[in-house]
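Please look over the sequence and the model shown here before reading on.

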Amino acid sequence: MTDRPRGVIKRSIAIAGHRTSISLEEPFWEELRRIASARGIALQKLVAEIDAGRAEENLSSALRVHVLEALRAGRGPGRSVGEDDQ
């Protein structure tokens, strides 16, 4: 366990020239920062890309789904979260 807050955290990010508030749990913010860093881009750019690619879904939901898909892709098919290599 960590001492970091795990509740919903609201952050303001500029997307396409306007500021928007996004509410996500801290673990999602952490993963989004990790994904952006791994791609060598700023978090703001990653969020803007996800925003541009979403349909009618809520931006916070689109960000959570993006994180989930990235984690699944990194884990490989057919493996569960927390499953050890055997």
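Ile22 counts as buried because its relative accessibility is 0%; buried means under 20% relative accessible area, exposed over 50%, and partly exposed in between, with a 1.4 Å probe and protein chains only. Ile22 sits in strand S2. Helices (H or I, at least four residues) and strands (E, at least two) are DSSP runs, numbered from the N terminus. This is a predicted model, in which local features need pLDDT of at least 70 and side-chain atom pairs count only at pLDDT 80 or more, while totals for chains, interfaces and linings use all residues. Residues are numbered from 1 along each chain as its sequence is written, and side-chain values use heavy atoms, with hydrogens and water left out.

The chain holds three helices and two strands, in the order β-β-α-α-α from the N terminus. Of its 86 residues, 23% are buried. Contact means heavy atoms within 4.5 Å. Among the contacts in the chain with a separation of 6 or more, 34% are between residues 24 or more positions apart.

What does Ile22 touch, not counting residues up to four places away in sequence? The list is Ile9, Lys10, Arg11, Ile13, Trp29, Val47, Leu59, Ser60 and Leu63. Lys10 is 12 residues from Ile22 along the chain, and their C-alpha atoms are separated by 5.4 Å. Ser60, another residue on that list, lies in helix H3. Ser60 counts as buried because its relative accessibility is 12%. With residues up to four places away in sequence left out, Ser60 touches Ile22, Ser23 and Leu24.

Ile22 also belongs to the largest nonpolar core, which has 16 residues. Such a core is a set of buried Ala, Val, Leu, Ile, Met, Phe, Trp, Tyr and Cys residues joined through side-chain atoms within 4.5 Å. The members that touch the most other members are Ile22, Leu32, Leu46, Val47 and Leu63. Two or more residues of this core come from each of strand S1 (8–15), strand S2 (18–25), H1, H2 and helix H3 (59–75). In soluble globular proteins, nonpolar side chains tend to be buried together.

Helix H1 (residues 26–39) packs against H2 at an angle of about 100 degrees, with the axes 9 Å apart. Axes are lines fitted to C-alpha atoms, for helices over the stretch in contact, and angles run from 0 to 180 degrees between N-to-C directions. H1 and H2 are therefore roughly perpendicular to each other, a term for angles of 65 to 115 degrees. H1 brings Trp29, Leu32, Arg33, Ile35, Ala36 and Arg39 to the contact, and H2 brings Leu43, Leu46, Glu49 and Ile50. Seven of the contact residues are nonpolar, none polar and three charged; Ala, Val, Leu, Ile, Met, Phe, Trp, Tyr, Cys and Pro count as nonpolar, Asp, Glu, Lys and Arg as charged, and the others, Gly among them, as polar.

Two further residues remain. Ala16 lies in the loop between S1 and S2 and counts as exposed, at 76% relative accessibility. Ala16 has a positive phi of about 50 degrees although it is not a glycine. Glu25, in strand S2, is partly exposed with a relative accessible area of 22%.

Technical notes:
Angles under 35 degrees count as roughly parallel, over 145 as roughly antiparallel, 65 to 115 as roughly perpendicular and the rest as oblique.
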